[in-house]
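Let's take a walk through a protein fold, one spot at a time. Have the structure open and turn it around as you read.

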Amino acid sequence: MLAEGGSFVKGMVMGSIFYLVLSLISSFSPITESGTDEHHHHHVKAASKEELKHLSTGETQELNNQVRVYCVIMVQPKNIIYWATALDTWSKHCDKAVFYTSESSKALEAVDLKEKDDWVRLRKALKHAYENAGDLRWFFVAQPSTFAIIENLKYLVLSKDPDEPFYLGKAVKSGELEYVEYESGIVLSYNALKRLVNVFQDEEKCPEKGRALWKLSEDKQLAVCLKYTGVFAENGEDAHGKGLFNSKSVDSLITDSMKDNPTNVVEGCCSDMAVTFSGMSPNQMQVMMFGVYRLRPYGHDFNDWLTFYPPEGSDND
């Protein structure tokens with residue numbers, strides 16, 4: 001009996017040790033989250049209105065013609081209402097908007113990549129966009145629950161050279177890796193996308209299927225691949241240093257501002273040149289469309305120095 005009791009105790013101890021080891025392994029991650037205040041990425045700021053005043057009419061028109069955006073919108077049939085809403089709202093302001101899906105849908109048109117894996121599907125979409133871009137030199141990658149103001153994106157990259165490697169949006173840091181959050185939208189210049197497509201062919205640096213025990217999210221995998229090509233995450237900001245890419249909806253941002261800045265809610269909320277808001281419901285996206293493009297206060301005249309004209313044949317607002 002004593003021997004049996006000793007065996008039982010030994011079994012309990014060994015089981016506890018084994019459980020502890022398993023717990024430690026399961027909690028281990030190759031990238032540990034760091035505090036949001038520890039950012040070492042570069043900051044890309046939009047031009048100020050004062051800078052634009054020095055441009056001639058011919059120069060501003062030339063810039064307008066050069067800054068054209070190819071929107072890569074990742075969708076799935078299970079989220080068809082978001083897909084339909086993005087199609088009906090902000091995507092009409094892209095110079096070219098292409099929806100990429102995991103499987104075809106009879107209701108809406110998209111490029112069927114026939115791929116379930118999110119990372120592999122994103123790779124295929126970016127390669128397709130690169131090969132079909134024509135003379136478009138800026139690429140915006142988004143999910144259908146993101147609302148984007150494409151004119152503000154164009155304004156952000158107005159003075160940037162797409163033949164330089166730009167990879168920007170809402171830049172965050174996770175462990176030693178700096179990356180642009182997918183849910184807030186990702187902007188790539190032609191040069192950055194070209195480098196990315198080339199490194200896709202190197203399975204050692206940028207594997208299609210992850211070899212690690214853990215699986216990185218698509219935005220982190222994208223950053224890892226770009227890092228091998230010398231392209232690093234940059235934070236998109238307005239002339240005053242406010243972030244332009246938001247990982248929350250307008251409603252959430254205003255609610256937060258009401259708590260943190262009760263005497264100046266609007267100023268504390270977000271930039272008036274914001275490019276994206278995320279986590280939007282279809283109803284919220286329609287409200288945003290009305291507020292951004294259709295609602296105008298009578299008697300207020302907005303004299304912007306540059307006008308981004310809609311694509312030819314577009315039915316945008």
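## Who touches Val180?

Skip the neighbours within four places in sequence, and Val180 is in contact with Tyr167, Leu168, Gly169, Lys170, Ala171, Gly185, Ile186, Asp219, Ala233 and Glu234. Keep in mind that this is a predicted model. Val180 belongs to strand E9, which covers residues 177-180.

Is Val180 buried or exposed? It is buried, because its relative accessible area is 0% and the cut-off for buried is under 20%. You can also see how folding brings parts of the chain together here: Val180 and Leu222 are 42 residues apart in sequence, yet their C-alpha atoms are 8.8 Å apart in space.

## The sheet and its helices

Now look for the open sheet, built from 8 strands with mixed pairing. Follow the order E1-E11-E7-E10-E5-E2-E3-E4 across it. At the edges sit E1 (42-45) and E4, each pairing on one side only. E1 and E11 run parallel, joined by 4 bridges; in one spot to check, Val44 has Gly236 in E11 as its bridge partner.

Helix H8 (residues 218-228) lies across E7 (167-169) and E10, and runs at about 150° to E7.

Nonpolar side chains tend to be buried together in soluble globular proteins. The largest nonpolar core here has 43 residues, and Trp90, Phe140, Ile150, Leu153 and Phe277 touch the most other members. Elements that each supply at least two residues of this core include strand E2 (69-75), helix H4 (80-88), helix H6 (150-156) and helix H11 (282-294).

Zoom in on Leu153: not counting residues up to four places away in sequence, it touches Val69, Phe140, Val187, Phe245 and Val275. Apart from this core lies another one, with 38 residues, among them Tyr70, Tyr167, Tyr179 and Tyr190.

## Charged pairs

How many salt bridges does a search of the whole structure find? The search finds 10. In one of them, the side chains of Lys154 and Asp95 meet at 2.9 Å, N to O. Lys154 lies in helix H6 and Asp95 in the loop between H4 and strand E3 (96-101), so this pair ties together parts that are 59 residues apart in sequence.

Glu131 and Lys127 make another salt bridge, with the closest N and O atoms 2.6 Å apart. These two are separated by about one helical turn, because they are 4 residues apart in helix H5. Glu131 is exposed at 52% relative accessibility, whereas Lys127 is partly exposed at 38%. There's also a salt bridge between Glu115 and Lys124, where the closest N and O atoms are 3.8 Å apart.

## Two loop residues

Most residues other than glycine have a negative phi. Lys114 isn't a glycine, yet has a positive phi of about 50°. You'll find Lys114 in the loop between strand E4 (111-112) and helix H5 (118-131), and at 66% relative accessibility it counts as exposed.

Asn246 lies in the loop between strand E11 (234-237) and H9, but this residue counts as buried, at 10% relative accessibility. Beyond its neighbours within four places in sequence, Asn246 is in contact with Ser184, Leu253, Ala274, Thr276, Phe277 and Ser278.

Conventions
Residues numbered from 1 in each chain as written. Predicted model: local features only at pLDDT ≥ 70, side-chain atom pairs only at ≥ 80, totals over all residues. Heavy atoms only, no water. Core = buried A, V, L, I, M, F, W, Y, C linked by side-chain atoms within 4.5 Å. Buried < 20%, exposed > 50% of the residue type's maximum accessible area, 1.4 Å probe, protein only. Contact = heavy atoms within 4.5 Å. Pairing = 2+ DSSP bridges. Axes fitted to C-alpha atoms, helices over the stretch in contact; angles between N-to-C directions. Salt bridge = Lys/Arg side-chain N within 4 Å of Asp/Glu carboxyl O.
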